[in-house]
Amino acid sequence: MAMKLALFVSLMVAALAVPISGTQRMGYLIEIHGTVYCPGNSNTNASGTNNVVFPIAEIHVVCDGKAIDYAYTNGNGGFLFAVDYHRYTIPEILKTCKLVVISALTACPKPSPSAGHLESNLKYIGDTTVGGNLKISNIVPVGFHVVP
């Protein structure tokens, strides 16, 4: 009888493991990516009408007023965050999160404001499938603006 029970338990574990391992093969990522540009002397051109990038700027993903991740822009002002999809959904990110550049604006060439920081809300631009088994949801900044 014990042998039959052990066999039954083994078969049940194996049967349950098949669907679980199948879902793990399809990867899923939420990425927030973009480029940070230096602002000019107004807050309207911080997202790209000014072609001067903001290299090596510290940037945070802030959700509900709390920084959940940070990174530095590369030499071309680019950044990339991978967000934990188990913890945050896309609607949640779009509703409660923003990007905040905390590096001093004085690191940008003049004319840049001497005080304040850059912020941007976020927007979803679609999904990309890589190699047939990895789905990436792409989120980008709406547009950085100076916050005094």
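Is cysteine 38 buried or exposed, and what is its relative accessibility?

Modeller: Cysteine 38 counts as buried, at 1% relative accessibility. Buried stands for under 20% relative accessible area, exposed for over 50%, and partly exposed for what lies in between, with a 1.4 Å probe and protein chains only. Before going on, note that this is a predicted model, in which local features need pLDDT of at least 70 and side-chain atom pairs count only at pLDDT 80 or more, while totals for chains, interfaces and linings use all residues. Residues are numbered from 1 along each chain as its sequence is written, and side-chain values use heavy atoms, leaving out hydrogens and water.

Cysteine 38 forms a disulfide with cysteine 108, the two sulfur atoms being 2.0 Å apart; a disulfide here is a pair of cysteine sulfur atoms within 2.5 Å. The link joins distant parts of the chain, 70 residues apart: cysteine 38 is in the loop between β1 and β2 (58-63), and cysteine 108 in the loop between β5 and β6. Strands are DSSP runs of E with at least two residues, and helices are runs of H or I with at least four, numbered from the N terminus. The link is left-handed, with -80° about the S-S bond. Cysteine 108 counts as buried too, at 3% relative accessibility.

The loop between β5 and β6 also holds lysine 110. Lysine 110 counts as exposed, at 60% relative accessibility. From lysine 110 to proline 39 the C-alpha distance is 9.1 Å, although they are 71 residues apart in sequence.

The structure has 2 disulfides. The other bond is between cysteine 63 and cysteine 97, with sulfur atoms 1.9 Å apart. Cysteine 63 is in strand β2 and cysteine 97 in strand β5, so this pair ties together parts 34 residues apart in sequence. With 105° about the S-S bond, it is right-handed. Cysteine 63 is buried at 4%, and cysteine 97 is buried at 5%. Counting bonded cysteines along the chain, the pattern is 1-4, 2-3.

Lysine 98 and glutamate 119 meet in one, at 3.3 Å from N to O. Lysine 98 lies in β5 (residues 97-101) and glutamate 119 in β6 (residues 117-120), so parts 21 residues apart in sequence are tied together. Glutamate 119 is buried, with a relative accessible area of 13%, whereas lysine 98 is partly exposed at 27%.

Two strands pair if DSSP finds at least two bridges between them. β1 (residues 27-35) pairs with β4 in the antiparallel sense over 6 bridges. Threonine 35 stands opposite glycine 78 in β4.

Note on methods:
Salt bridge = Lys/Arg side-chain N within 4 Å of Asp/Glu carboxyl O.
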